[in-house]
Amino acid sequence: MASDGRRRGHWVRPSRSASNASYNGFVGDTALVLVVVTALAFDFTNGFHDTANAMAASIATKALRPKAAVAMAASLNLVGAFLSLSVAATIASGLVNTHLITLPVVFAGLAGGIAWNLATWYLGIPSSSSHALIGGVIGSTLAAAGTDAVKWHGLVQKVVIPAALSPLIAVLIAAVGTFVIFRISRGVRQETRDRGLRLGQVGAASMMSLAHGTNDAQKTMGIITLALITNGSLAAGSKAPTWVIMACAVALALGTSCGGWRIIRTLGKGLVTIEPPQGLAADSSSAATILLSSHFGYSLSTTHVASGSILGSGLGSRDGRIRWDVARRMVTAWLLTLPAAGLVGAGSYAAVHGIGGTAGVAVGFVVVVAGAGVLFGLSRRSPVSHRDLHEEPNGPATAETAAARSVAETPVAA
Amino acid sequence: MTSWIDLDALWKIVVIGLLCGAGLPAVFTLGLRTLSRSERRAAAVTPVPDAVGLTGGTSTRVQAARAGAEMVVAGLCFAVVLAAIGWGVAFIVSHG
């Protein structure tokens with residue numbers, strides 16, 4: 001990372017220069033740099049893992065071209081990350097006793113989150129990035145400080161129960177929305193209907209991207225701030241410094257702009273057949289649920305809400321085909337996210353702690369980078385790109401062409 | 001039970017969520033429907049000046065007025081949706 005030096009320059013206290021920094025201070029700073037880079041790497045995986053949540057439906061209904069959708073999601077993520085800053089409370093507070101957190105614990109938690117995010121991305125399964133991070137941090141805290149360090153009540157109340165309820169709420173709203181939209185638009189010429197609904201869908205998807213930016217960038221901001229506090233670079237209770245906000249916003253947006261095509265394919269084409277009425281219903285349901293729940297302090301996973309909405313849009317239409325095997329695979333992944341990321345987090349902590357100090361974190365960092373490299377290499381064997389999203393010989397592409405032709409032939413009224 | 005589930009927040013999310021998440025797209029679709037109907041009506045009654053110079057008969061004028069009213073209703077529907085989006089953005093900003 002070329003900008004590491006610049007970033008370090010921001011958090012080293014002005015009075016302390018490199019020449020008189022103590023050896024211990026240097027060691028702490030090196031570990032901190034690695035933790036911050038890992039946190040930004042997690043933010044990046046969060047971005048490309050979750051592009052699908054906001055854009056899969058718009059791409060499926062051709063409301064937006066794949067690349068335009070991803071670019072729009074990335075810019076709105078960036079804007080969203082700057083819009084809402086006060087919530088940047090650490091994701092860990094309320095879930096673990098934060099005074100027991102050390103840099104290796106934070107690092108191991110992030111490693112768990114990244115590992116799960118990359119594995120599910122490789123398999124094309126939409127799973128919650130927040131759960132991956134929470135699972136990782138809880139796993140590493142358990143390994144470091146035992147069961148007393150985890151606030152189990154908080155975990156069940158803030159994470160487990162909302163995770164079970166949020167997809168159901170989204171399914172309900174999207175199913176009702178789809179039903180009503182189909183009902184009202186009956187009798188409207190299909191191409192007129194689809195053109196209008198696509199426009200509405202772009203609006204709903206934009207709101208969703210904006211909400212995603214405000215929610216997800218903050219999680220990493222919270223983790224980095226926690227690391228800075230742990231290291232003594234920031235006073236306890238401090239807000240995220242400006243460079244943290246900027247770095248997190250950029251990392252999330254960069255991740256989003258890469259486009260997690262594997263997951264977009266699953267959500268946009270694998271789960272249900274999405275037509276413009278379903279697309280508008282799904283995206284409106286997701287945007288409304290996420291915004292409302294953050295307003296009422298109910299932390300929901302964007303992924304669970306988005307997947308639930310898409311599923312609901314399939315249930316709400318009479319001829320909606322739902323591929324239940326895909327849905328089952330997805331729900332299994334949701335159930336596994338917390339424990340699996342927790343296991344990796346705990347294992348990482350054991351390894352990092354076993355080696356000890358900065359060397360431990362450095363070795364862990366190398367392992368994470370190597371693991372990511374291996375998965376990326378594997379993914380190249382069966383690459384999925386934006387070109388793979390619209391190539392269906394008998395699918396919507398032909399319907400689209402037919403619709404375009406009939407639009408061209410129909411004289412436009414007014 | 002309520003210490004585990006925030007029932008108060010939950011029912012609000014479900015009810016307001018249905019109003020905004022399903023209701024707004026419904027209003028938007030209603031706007032589309034009335035707009036499309038208005039356009040079809042207007043196209044059907046394209047005024048053809050008769051010999052006296054008046055455009056159309058009574059029924060044509062009524063149809064044209066209906067088309068105009070439908071246009072207004074459609075505009076109202078879209079305005080409601082736009083206002084809700086504006087509120088949403090304002091909400092995100094003020095929440096920060």
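Modeller: Before we start, helices here are DSSP runs of H or I, at least four residues in length, and they are numbered from the N terminus. Also, this is a predicted model.

Colleague: Thanks! With that in mind, where is A:Lys62 found?

Modeller: A:Lys62 sits in the loop of chain A between helix 2, residues 23–60, and helix 3, residues 66–83.

Colleague: And what is its phi?

Modeller: Phi of A:Lys62 is near 65 degrees, which is a positive value in a residue other than glycine.

Colleague: New topic, the two chains. How many residues of chain B are in contact with chain A?

Modeller: On the chain B side there are 34, and they touch 46 residues of chain A.

Colleague: How much area do they bury between them?

Modeller: About 3,400 Å², with 80% of it on carbon and sulfur atoms. B:Trp4, B:Ile13 and B:Ile92 together supply 20% of the area that chain B buries against chain A, more than any other three residues.

Colleague: How many salt bridges are there across that interface?

Modeller: The rule finds 0 salt bridges between chain B and chain A. For polar contacts, the count is 1 residue pair, with both residues at pLDDT 80 or more.

Colleague: Which helices of chain B touch chain A?

Modeller: Helix 1 and helix 2 (58–95) of chain B each supply at least two residues of that side. The largest share, 22 residues, comes from helix 1 of chain B. By class, the side of chain B that touches chain A has 21 nonpolar, 8 polar and 5 charged residues.

Key
Residues numbered from 1 in each chain as written. Chains lettered and ligands numbered in written order. Predicted model: local features only at pLDDT ≥ 70, side-chain atom pairs only at ≥ 80, totals over all residues. Heavy atoms only, no water. Contact = heavy atoms within 4.5 Å. Buried area = accessible area lost by both parts, 1.4 Å probe. Salt bridge = Lys/Arg side-chain N within 4 Å of Asp/Glu carboxyl O. Polar contact = N/O pair within 3.5 Å; in protein donor to acceptor, adjacent residues only side chain to side chain. Nonpolar A, V, L, I, M, F, W, Y, C, P; charged D, E, K, R; others polar.
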